[in-house]
Each structure stands twice: as structure tokens, then as C-alpha cells.
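I opened the model and took notes as I went. The entries follow in the order of looking.

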Amino acid sequence: MSDTSPPAAGPDPARTPRALGDAAAIPLLDDDTQQLKRLIDGVVDFAIYMLDTEGHVRSWNTGGERIKGYTREEVIGTHFSRFYTPEDIASDAPARGLRIAREEGRFTAEGWRVRKGGAVFHASVVIDPIWQDDVLVGYAKVTRDITDRLEDQERLEQSRDALLQAHKLEAVGKLTLGLAHDFNNLLNIIINSLELVDHYTMQPKAKKHLQGAMRAAERGALLTRQLLTFGTGRVLVSERHSVATVIHEAMDTLRRACHDGVTLYARFDDDLPGIDVDREQLEAALLNLVSNSRDAMPAGGHIAITATLRECAPPHAADAAASRFICIEVSDNGDGIPADDQARVFEPFFTTKEVGKGSGLGLSQVFGFARQSGGFAELKSASGEGTTVSLCLPVPRDPE
Ligand SMILES: Nc1ncnc2c1ncn2[C@@H]1O[C@H](COP(=O)(O)OP(=O)(O)OP(=O)(O)O)[C@@H](O)[C@H]1O
Ligand SMILES: [Mg+2]
């Protein structure tokens with residue numbers, strides 16, 4: 001069949017090169033078959049190819065090469081099961097696809113397929129049987145790479161989850177805010193009164209109980225402060241402070257937070273520059289870190305607090321120019337954090353502790369405070385090998 005001769009009335013615009021969009025580049029095609037072949041060949045977003053009745057590849061297009069990675073020479077004559085995963089091959093999925101197409105007139109599916117080199121992609125697949133005079137002569141197969149669509153869908157679901165989580169957190173924030181204020185005031189009265197009683201009591205037994213009560217009240221006060229910070233997104237009140245002095249003056253409270261078997265010591269570089277920091281938040285962060293270390297060493301151990309000057313780019317902005325930070329590290333030789341949990345420990349409310357022992361707000365306070373102060377927090381830990389959390393706070397350009 002040939003239809004190259006133009007009709008008497010003039011060239012059919014649908015068949016001229018101009019109608020295809022490029023006046024000079026595309027020659028007139030020989031016949032419908034050639035035209036169809038070129039059309040299919042030029043499709044890049046779909047692998048469109050023919051199989052014989054047994055499933056061997058008989059034709060190949062540019063889309064096939066782009067999506068599956070094989071050239072025409074590599075693929076023609078081979079069996080199409082090479083595009084399937086070993087699990088699908090084991091369950092006879094290629095033959096099943098052909099059978100369903102043959103018996104039901106079409107086979108459609110979505111699933112994982114394998115590119116040249118072994119990488120997998122998510123594919124949308126259609127197989128149609130081709131009949132000639134009631135005799136099956138092969139199959140037409142169309143495959144589309146829908147990995148992007150799948151990823152978009154996953155991203156959409158993740159952002160939906162995140163939004164839901166944000167609404168949940170907002171509701172929790174509102175709920176806790178009102179209560180936390182009153183609790184904080186009450187606990188401060190209790191702590192001050194306990195300190196006074198401790199001052200006037202000489203009895204060792206009573207002192208021991210008082211210390212225990214003070215520890216519990218301080219933990220309660222820390223918790224309510226954290227809930228307040230969390231609920232209000234508190235604005236930092238920064239003033240110039242010496243980190244060494246802040247740590248030094250917090251040591252009594254920090255020691256009190258530790259139980260008997262735990263030794264706590266602090267070591268600083270000499271002449272650390274002053275930094276602009278919210279002192280109350282820094283103290284809360286230290287107490288959070290020391291409490292975590294204590295809880296990781298139920299049988300006792302050592303906690304070291306160090307403060308050093310470091311010049312680096314923050315890890316969340318690795319391209320930024322290096323600048324100076326004071327890095328406060330709290331290290332312990334406790335249980336360590338399993339690799340699976342490490343990505344989650346800075347999340348609000350993530351805790352592995354039993355109810356009443358942990359709220360899961362400690363590290364999120366440390367992380368949030370570090371970032372809000374223009375610094376960063378880092379975690380180094382391995383199961384059974386202890387934990388070091390670094391809280392790095394920026395040194396102002398004009399340190400005193
Ligand atoms: N030094 C550490 N050693 C071992 N595990 C730790 C350490 N610090 C944190 N973790 C793990 O990270 C989790 C989250 O810590 P985070 O301080 O945020 O909450 P929490 O201690 O459980 O509760 P709280 O709000 O009372 O601090 C802990 O439950 C614990 O599993
Ligand atoms: Mg904690």
C-alpha cells in the first residue's frame with residue numbers, strides 16, 4: 001500500500017511535513033506502517049514493544065531504551081522476563097501476564113521492574129494480545145516508568161502526616177500551656193521552701209529525704225519549663241555570659257540530679273570568649289543532657305562536661321564559611337543509643353523511657369535551643385559505647 005501521491009486538490013495538510021511541525025527536517029513517509037513505526041520509535045516516555053507468542057522481544061523503541069536501559073541490539077530476541085525481579089520470575093509473573101492478556105483481552109498491572117544493571121523502577125504495564133485471523137501472533141506491551149509519581153505520592157502522604165502531627169502538637173501545646181504556668185510557680189515555691197528546710201536541718205536522714213524531694217521538684221520544674229517553651233515557642237533572652245561560669249554555677253544542681261554511682265566533672269579550655277546566650281535555657285539544656293546520661297548508667301559511670309572553641313561550618317549549612325563556636329560536650333560511658341533511634345531522639349516526645357520517667361522533650365529542647373541561638377547540636381553514640389552530645393553556640397563577632 002502506498003499513499004505518497006498527493007490528492008489532486010493539493011497536498012493533504014495532515015500528511016505534509018509542515019503539518020508535523022518542521023518544514024524541512026521530516027521527509028514524507030513511505031506508508032502507514034512506516035509512519036506508525038516512526039511514531040512509536042520516537043516516543044520516549046513509554047517503552048512500546050512487541051513480543052512473540054512465547055514472550056521474546058520482537059521490536060523496541062526509544063522509550064524502551066530510555067526506561068529499561070537496553071539498546072535494540074541487546075534486547076531483540078531475548079525473553080521479556082529479564083525485566084522482572086527474581087521474586088516475580090519465581091512466581092511465574094511474566095507467563096501469567098501473557099496468559100491473562102490472551103484469555104481476558106488485556107493485562108494491566110503496576111509493580112517493580114528491573115533496568116539494565118539491576119536498578120528497579122516502579123512500572124505501569126499494559127499487555128494486549130495481537131490476533132490475526134483468530135490466530136495469536138504476539139503481544140503489544142507498553143511500560144511506563146511511574147517511580148516519580150510514586151515518590152510524589154509518598155511525599156504528599158509524608159507532608160499530610162507532618163501537617164497532622166503539627167496540628168496534634170499545636171493542640172498539645174495549647175493544652176499544656178495553661179497548666180504548665182501554674183505548676184512552674186508551685187514547684188518554685190516548693191524548691192525554695194525545701195532549700196530553707198535543708199539549711200536548718202542537721203539530721204542526716206532528713207537531709208537525704210530533702211535532697212530527694214528537691215531533685216524531684218527540680219525535675220518537675222524543668223519539665224514544666226520545657227512544656228512552656230514548647231507551647232509558646234519562647235523567644236530567647238540572650239545576654240553575654242561566660243560558659244565556664246554558667247557551667248560552674250550549675251554544677252550543684254547537676255550533681256544533685258545524679259545518683260550515687262555517677263561521677264560528674266567539668267573541664268574547660270582557658271580563655272573561652274563570652275557568648276550571647278539565654279542562661280536559663282543553657283542551664284535547662286545542661287540538666288537535660290546530664291539527666292539523660294544519668295539514666296543511661298543505672299549501674300553508675302562517668303559524665304564529663306567539656307567546653308572548647310571550635311572553628312567550623314555548621315553541619316546544616318555545610319557550604320557556609322567556617323565560624324567560631326563554643327562547643328559544650330556532655331559525654332557518658334552508658335548504654336549508648338541504638339542506630340535506629342538516633343535519627344529520632346531529637347523529635348519532641350520521642351522517649352524510650354517508661355511512663356513517668358521521660359517526656360521525650362529533653363533533646364528536642366537542646367536541639368531547638370541550639371538552632372534558635374544560631375548554633376547546632378550533634379550526637380555521637382553507639383550501642384554499648386556511650387554517648388556524647390555537643391551543644392555548639394556561636395561566638396559573637398565582637399567577643400569581649
Ligand atoms: N546519653 C544518652 N544515652 C542513651 N540514650 C539516650 C541518651 N540521651 C538520650 N537518649 C535516648 O533518647 C531518648 C530521648 O531523650 P530526651 O531527653 O529527648 O527524652 P527523655 O530523656 O526520654 O525524656 P525527658 O523529656 O524527661 O528528657 C531517650 O528516651 C533515650 O532513649
Ligand atoms: Mg531526657
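**Entry 1: β8 and its partners.** I looked up Val-262 and found its bridge partner in β8, Gly-301. The model is predicted. Strand β6 covers residues 262–268 and strand β8 covers residues 301–312; they pair in the parallel sense over seven bridges. For my notes, strands are DSSP runs of E with at least two residues, helices are runs of H or I with at least four, and both are numbered from the N terminus. Two strands pair if DSSP finds at least two bridges between them. I then followed β8 to strand β9 (residues 323–332), where 10 bridges join the two and the sense is antiparallel. Ile-305 has Val-330 in β9 as its bridge partner.

**Entry 2: ground rules.** I number residues from 1 along each chain as its sequence is written, and chains are lettered from A and ligands numbered from 1 in the order in which they are written.

**Entry 3: confidence.** I checked pLDDT, the predictor's confidence in each residue, from 0 to 100. The protein averages 86, and 88% of the residues score at least 70. Where pLDDT is low, the predicted coordinates should not be read in detail.

**Entry 4: whole protein.** I noted 11 helices and 11 strands. Of the 400 residues, 37% count as buried. Buried means under 20% relative accessible area, exposed means over 50%, and partly exposed lies in between (1.4 Å probe, protein chains only). The protein exposes about 23,300 Å², and carbon and sulfur atoms supply 54% of that area. Areas come from the Shrake-Rupley method with a 1.4 Å probe; for residues, only the protein chains shown count as cover. Among contacts with a separation of 6 or more, 59% come from residues 24 or more positions apart.

Entry 5: I traced strand β2 (residues 107–114) to strand β3 (residues 120–132); eight bridges join them, and they run antiparallel. Val-114 stands opposite Val-120 in β3. The two strands form a hairpin with five residues between them. Gly-117, in that turn, has a positive phi of about 95 degrees. On to strand β4 (residues 135–145): 10 bridges join it to β3, again in an antiparallel run. Ser-124 has Arg-144 in β4 as its bridge partner. β3 and β4 form a hairpin too, with two residues between them.

Entry 6: What is the phi of Asp-133? It is positive, about 50 degrees, although Asp-133 is not a glycine. Asp-134 also has a positive phi, near 65 degrees, and is likewise a residue other than glycine. Most residues other than glycine have a negative phi. Buried or exposed, I asked of Asp-133? Asp-133 counts as exposed at 74% relative accessibility. Asp-134 is exposed, with a relative accessible area of 75%.

**Entry 7: Gln-365 in α11.** I found Gln-365 in helix α11 (residues 362–372). Gln-365 is buried, with a relative accessible area of 7%. Other buried residues of α11 include Leu-363, Val-366 and Phe-369. Leaving aside neighbours within four places in sequence, Gln-365 is in contact with Gln-226, Gln-281, Ala-284, Ala-285 and Asn-288. A polar atom of the Gln-365 side chain lies 3.5 Å from the backbone nitrogen of Ala-285. Just after α11, Gly-374 takes a positive phi of about 90 degrees.

**Entry 8: ligand 1.** Which residues come nearest to ligand 1? Of the 19 around it, they are Thr-351, Thr-352, Lys-353, Ser-359 and Leu-361. A residue is near if one of its heavy atoms lies within 4 Å. An oxygen atom of ligand 1 is 2.5 Å from an N or O atom in the side chain of Thr-351. For the side chain of Arg-219, an N or O atom is 3.2 Å from a ligand oxygen. In Thr-387, a side-chain N or O atom is 3.3 Å from a nitrogen atom of ligand 1. The protein covers 93% of the 590 Å² of accessible area that ligand 1 has on its own.

Definitions and conventions. Predicted model: local features only at pLDDT ≥ 70, side-chain atom pairs only at ≥ 80, totals over all residues. Heavy atoms only, no water. Polar contact = N/O pair within 3.5 Å; in protein donor to acceptor, adjacent residues only side chain to side chain. Contact = heavy atoms within 4.5 Å.
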